[in-house]
Amino acid sequence: MIPIMRAYAGRLLPQLIALTAIVIAISMVFPGFLNLQIQNGRLYGSMIDILNRGAPVVLLAIGMTVVIATKGIDLSVGAVMAICGAVAASLITSGHSLAETLLATLAVGIICGLWNGVLVAVLDIQPIIATLVLMVAGRGIAQLITEGTILTFNDPGLIFIGSGSFAGLPMPIVIWLVFSLIVALLVRRTALGMLVEAIGINRQASTLSGVLTPVLLVAAYVLSGLCAATAGIIAAADIRGADANNAGLWLELDAILAVVVGGTSLLGGRFSIAASVLGAVIIQAINTGILLSGFPPEFNLIIKAAIIIFILVLQSPRFRTGVSFLSIPKAAGKPTEREAK
Amino acid sequence: MQTSSDNILSAIRIEKGFPGTKALDKVDFHLRRGEVHALLGENGAGKSTLIKCLTGAYRRDGGSMLLDGTEADPRDTFDAQRLGIGTVYQEVNLLPNLTVAENLFLGRQPRRFGMVDTRTMNRRARELLAEYELDIDVTRDLASYSVAIQQVVAIARAVDLSGKVLILDEPTASLDAHEVEMLFRIVRRLKGRGLGIIFITHFLEQVYAISDRITVLRNGQLVGTRNAADLDRRELIAMMIGRELATEIHSAHSDAVAGEPRYRFRNFGRRGKIDPFDLDVRAGEVVGMAGLLGSGRTETAEILFGAHRADSGTAEIEGRTVDLSSPRAAIRQRFGFCPEDRKTAGIVGDLSVRENIVLALQARRGWTRPIPRAEQNRLADHYIRALDIRTPDREKPIRLLSGGNQQKAILARWLATEPELLILDEPTRGIDVGAHAEIIRLIESLREKGMSLIVISSEIEELVAYSTRVVVLRDRAHVAELDGAQLTAHRIVEAIAATNGREAS
Amino acid sequence: MKQKYLPLTATILIFGLSYALCVAQYPNMLSTRVIGNLLTDNAFLGIAAVGMTFVILSGGIDLSIGAVIAFAGVFLAVVLEHGGMHPLVAFALLLAITTLFGAIMGAIIHYLEMPAFIVTLAGMFLTRGMAFVLSIDSIPIKHPFYATLKSLYFKLPGGGRITLIGGLMLFVFAVGILIAHRTRFGTNIYALGGGTATAKLMGVPVAATTIRIYALSGLLAGLSGIVFSLYTSAGYSLAAVGVELDAITAVVIGGTLLTGGSGFVAGTLVGILIQGLIQTYITFDGTLSSWWTKILIGLLLFAFILLQKGIIHLSRPERQRA
């Protein structure tokens, strides 16, 4: 087990270093940052706040990671969040029980994922185009469900999901922790992870080796839909209402960014759920950090852009060959950055 | 002897190396004005490397090149074109989404007042194509025309742009006999205009129909240049595959197998890929597949494995009809398949050696039943040792291994599934000599253990050595089956060279 | 009929048919006034969509245009209201900035070999961020020159008006059509969409073309920003969110293949008009809710993707048969 642990630590090292650096930087500008207090059996503090607010992006990033690993992308997650938030709000206000509401909402997320998956795997449409359809139409569907208003509710059970706490932690954190743990275990304790990576790296060779490519592709998009549904429920529960216009707006981009920060290549293949979760937390920490440090929040987007450009340069094939050319004169002649993983 | 003024293009002692291999070893090539010069050789012989050096797609490592008497060193294909060397490829290198006229004049469209003068361009395109007896609507997209016409358009563009040397790289591979004849008429006319034409093909009939001289390459070296009229077909094939016809090797195992066939394919085929064929394979038998490139060898393998679904015929295993409609179905029947193109269809580059080895077994077990890590390690270590896969450790990404070791890892992937029929497409291509011998030994030991194997190879000598029977393919059909005393390199070469296939002219 | 005209024909038919249906229900919609408004209201989207058409024809995508439009609005508002610059000078300066910005993105896409999607996503964050840095508030533009520009229009028979910005959009489309079909640059764009490797072999200057395509998209996004600021008389950093999506949709509905290489600038105009028509219809109806726009447009998008998929599928065996 120890070598495996070490391998994991090695894989996550850049993200961990980045996160630590950000936390240290913020706490130097804003001394109270590291403080944690317990009130009414619940943890409070800026760090908890980051983890709590980051919940939707973390959840989306989990599904997005698996989709990107198959060499795909899911642009519709923000819209699916809006749809599912709207479904949850309208079901709970029309008198359905909490359990029914949650199950139905998750089912809607699964259906959205199925739609995307079938377009990609069966009709063989490019993922970016296939998921664009739901991205465009989805918000309209959400508004159709809420009938254009912000559909508020006051069901204590549903609200608990957004602002309650469990074992001292806010519910959203508990949910994404559990969710990421389940997905990480599911992909790594079964053969799913390896098969998904094989498809993302070489779909033809995988199919020839007997991998059930279409089914796994659909499953990846279904997982993404499920994650988006959960994120949608949390976002709605947090504001005690479904806002079809703004729920999940542009979060697909944040989720993609989180995956990229987590080191999963947009070209598919090797992925790490834990790294993407860290990526999402890093993004949220930067958001919060800028807010706390007294910088105008306007800088947020510019910093995000800078991060993307930095990672782009690191991942660029040109840059890689350039670097490996410098570091290993003639021996292997192949890029070696991935060996560390 | 030729003097330099006869030659429009002279390449002298061209050298080109890639990491680990010498693709061209001091090759000489001379092309005269007004001749069609066939350049032949099996895959990996160095034909395409030579062409790429001549057209500037590769920079040569050594040697010199004279074009029309002056030293030439094209930096890229565009530069070569400017100097006078034009190339037409099998996959037409034009843009299907542009019109015929745009394709002909891309980058040099006539302009008036800064705007492209479409009318003049179309008129000149029609005039240009008229020289090639082609009267088509030049304002339509190239994609709306047949490959033959696209080919002619490509030739017209290449000749119009360069005008000294025309390289035709397998231009006839997807044309029918009538279209080939049209193409040859054009080639003869260009020859009459004094162009030097290099013609690459794997259809020997066409070589004889059109060429004046023939140059053969093998393993990156020049075998020889001969007048086509003085070189008979058998001698030519011997030059290509490196068998001296005097020596005869008999298969060591040709009489070793008897009994009922385990696999029985009847009228199995797919339109456009391979004509329906009958094939029996017994336990403990290696069936070789011989034939030149494009003869339908790979297509046979792909249909047997379900990579393409057969549209006629039946497959039986020990008397019961089985479904081979997909790779998964074939794997369920304990088939295994090492494809020819290792990079795109074989290895999963970023995955480790271990993961590549367990992939097919894992896929068969299904994702819910993961192979425990300890078992994966055991399997990987076992095959790394058994097949002598040279890798520092089993977690190395497979793309960092050499070709031979990648090939062994893919073999291990299938051996791990304990197959009963293993189909190997060019298992020894592009790998070093040591690994080559090991793979042949492995094939023999698997046969001795009672496995059935179908092996495709361009190396006849090798096929004779390990096959119990050899099926000969030509023009997308199985044309002969040799066993027992008939199974000699000589007979195989004769069967490949027989001329009752499709005539080019 | 030539196959490549099929999606464009479908687009025009859909537009004609839906306009006829609208008129059948609301005869008032058959007026030059409605047409004039259609052009004016969609002018900024149309201009940006011309740039997007070129980008998509070349096989790329540009996610930054909405942000560039917002940046343009804020930039103009700041330099006009606080800087006291003459609008024409400000326009020129802005167009230079956005063109350069596009060119840089094109250079990154080409030289770093990175997907256009992620490069222009970074561009989107960057420009939107710059807009925020300039000003978070909505700044009204009260420059008298703006009023002059807005008062210019060409009167149509029947009371309709083609305003300056509506006319500008038509002009941009005309120039776009000219570039696409009458310049070497235009053919090179199609060539890139047909296959970068082949285009390079045939001598297309890939680097220069890629950079110029994104520079053109930046220029048109900047122009679209000017039009947007004229249209709204304000600059607001949160404006024009999602315009890139509307533009992509218009391009696809207009019959351009999202994978590049095939399509028409004129189709995009019809795509814009279809989107505008749906909105106009919903306004006329009064009882229908605005979200039907998005749903209908999503459905249209899906239908066109399927149509294109079908055409590719049908044309493939033909090309193989030789």
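Trainee: Which residues in helix 6 of chain B are buried?

Mentor: The model is a predicted one. A residue is buried if 20 or more other C-beta atoms lie within 10 Å of its own. In helix 6 of chain B, the buried residues include B:Val180, B:Leu183, B:Val187 and B:Leu190.

Trainee: Why do they fall on the same side of helix 6 of chain B?

Mentor: The residues in question are B:Val180, B:Leu183, B:Val187 and B:Leu190. They lie on the same side of helix 6 of chain B because, around the axis, they cover an arc of only 80°.

Trainee: Which residues are exposed on the other side of helix 6 of chain B?

Mentor: The buried side has its cover, which includes strand 3, helix 5, strand 9, strand 10 and helix 7 of chain B. On the other side, the exposed residues of helix 6 of chain B include B:His178, B:Arg188 and B:Gly192.

Trainee: How far does helix 6 of chain B reach from its first C-alpha to its last?

Mentor: Helix 6 of chain B runs over residues 177-192 and has 16 residues. At 1.5 Å a residue, 22 Å is expected. The model comes close to that, with a reach of 23 Å.

Trainee: What is the radius of gyration of chain B?

Mentor: Chain B has 17 helices and 22 strands. For 505 residues the globule rule gives 23 Å, and the value for chain B is close to it, so chain B is as compact as a globular protein of that length. The radius of gyration is 25 Å.

Trainee: What percentage of the residues in chain A count as buried?

Mentor: Chain A contains 15 helices and six strands. Its contacts between residues at least 6 apart in sequence join residues at least 24 apart in 77% of cases. Of the 341 residues of chain A, the buried part is 53%.

Trainee: Over which residues of chain A is the pLDDT below 50?

Mentor: The average pLDDT of chain A is 84, and 89% of the residues score at least 70. One stretch is below 50, and beyond near neighbours in sequence it has 15 contacts in the model. That stretch is residues 323-341 of chain A.

Trainee: Which helix supplies the largest share of the side of chain A that touches chain C?

Mentor: Here 32 residues of chain A are in contact with 35 residues of chain C. Helix 6, helix 14 and helix 15 of chain A each supply at least two residues of that side. The largest share, 11 residues, comes from helix 6 of chain A.

Trainee: How many residues of the side of chain A that touches chain C are nonpolar?

Mentor: That side also has six polar residues and four charged ones. The nonpolar residues number 22.

Conventions
Residues are numbered from 1 along each chain as its sequence is written. Chains are lettered from A and ligands numbered from 1 in the order in which they are written. This is a predicted model: local features need pLDDT of at least 70, side-chain atom pairs count only at pLDDT 80 or more; totals for chains, interfaces and linings use all residues. Two residues are in contact if their C-beta atoms, placed from the backbone, lie within 7 Å. Helices (H or I, at least four residues) and strands (E, at least two) are DSSP runs, numbered from the N terminus. Ala, Val, Leu, Ile, Met, Phe, Trp, Tyr, Cys and Pro count as nonpolar, Asp, Glu, Lys and Arg as charged, and the others, Gly among them, as polar. The radius of gyration is taken over C-alpha atoms; the globule rule is 2.2 Å times the number of residues to the power 0.38. A residue is buried if 20 or more other C-beta atoms lie within 10 Å of its own, exposed if 12 or fewer, and partly exposed in between; C-beta atoms are placed from the backbone. pLDDT is the predictor's confidence in each residue, from 0 to 100. The expected span of a helix is 1.5 Å times one less than its number of residues. The arc is that of the directions from the helix axis to the C-beta atoms.
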